[in-house]
Amino acid sequence: AAIAELKNFPNPDTNRINALIKVFTTATFFKERQEVLPYRLEAMALSRQLNFTKGMAYCYSNAGGYYKSASNYPAAIHQYDSALHVMANGNDPKFSSLKAIIYERIGSIYFEQGNYYAALDHFFESLKYIDKDDADRKIRIYTFVTDVYLNLNNLDKATEYVKKSLE
């Protein structure tokens, strides 16, 4: 459906970029992410040409997810950091939730690598950007934080975050 909508936006403008974003953000699994790669590349090229911050942020974030799926963690973190960098001066209201997602994903990479303190830093940063109505994301972050503290053998902190996830 998203690909069919693209023909409604033939002009190289922000409407086309937004339509392209709809296409490549539908991909979940690595194989799907490979298939939508040309759409992300087109969106990135147009976003750079038009200096469209939102487009660049979503492209970098999606690229981070692509590399994370491929277990190429350094490339994933680089792409996620690039997304955070372009959003630093942006004021799009959706940036807050995108930042929450990116910090969570970076935290999960560090967790998988056993870099627990860096994981904690990123999970706590994610909490700063979570929409107050997004209880599911907040619970997920609290669960990640609990897991980190369990791995660090800090049972008091683990218990504290288990309780927070149940509030």
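K128 counts as exposed, since its relative accessibility is 60%, a value taken, like the others in this report, from a predicted model. K128 forms a salt bridge with E125, and the closest N and O atoms of the two are 3.0 Å apart. Because K128 and E125 stand three residues apart in helix 8 (residues 116–129), about one helical turn separates them. Salt bridges that share partners also occur, and they join E104, D134, R137 and R140 into one network.

**Salt bridges**

In total, the structure holds nine salt bridges.

| Salt bridge | Closest N and O atoms |
|---|---|
| E5 with K22 | 3.9 Å apart |
| K68 with E112 | 3.9 Å apart |
| K128 with E125 | 3.0 Å apart |

In the salt bridge of E5 with K22, the closest N and O atoms are 3.9 Å apart. E5 belongs to helix 1 (residues 2–6) and K22 to helix 2 (residues 14–24), so this pair ties together parts that are 17 residues apart in sequence. E5 itself counts as partly exposed, its relative accessibility being 34%.

K68 forms a salt bridge with E112, again with a value of 3.9 Å between the closest N and O atoms. This pair links distant parts of the chain, for K68 lies in helix 5 (residues 53–69) and E112 in helix 7 (residues 95–112), 44 residues apart. Both partners have a stated accessibility: K68 counts as partly exposed at 22% relative accessibility, and E112 is partly exposed with a relative accessible area of 47%.

**Packing of helix 9 and helix 10**

Two packed helices are described by the angle between their axes and by the distance between those axes. Helix 9 (residues 135–151) and helix 10 (residues 155–166) pack at an angle of about 165°, and their axes are 8 Å apart. Angles over 145 degrees count as roughly antiparallel, and helix 9 and helix 10 are therefore roughly antiparallel to each other. The crossing of helix 9 and helix 10 is left-handed.

On the side of helix 9, the contact is made by I139, Y142, V145, T146, Y149 and L150, while helix 10 contributes L155, K157, A158, Y161, V162, K164 and S165.

Note on methods. Residues are numbered from 1 along each chain as its sequence is written. This is a predicted model: local features need pLDDT of at least 70, side-chain atom pairs count only at pLDDT 80 or more; totals for chains, interfaces and linings use all residues. Side-chain values use heavy atoms; hydrogens and water are left out. A salt bridge is a side-chain nitrogen of Lys or Arg within 4 Å of a carboxyl oxygen of Asp or Glu. Helices (H or I, at least four residues) and strands (E, at least two) are DSSP runs, numbered from the N terminus. Buried means under 20% relative accessible area, exposed over 50%, partly exposed in between (1.4 Å probe, protein chains only). Axes are lines fitted to C-alpha atoms, for helices over the stretch in contact, and angles run from 0 to 180 degrees between N-to-C directions. Angles under 35 degrees count as roughly parallel, over 145 as roughly antiparallel, 65 to 115 as roughly perpendicular and the rest as oblique. A crossing is left-handed if the near helix is turned anticlockwise from the far one by less than a right angle, and right-handed if clockwise. Contact means heavy atoms within 4.5 Å.
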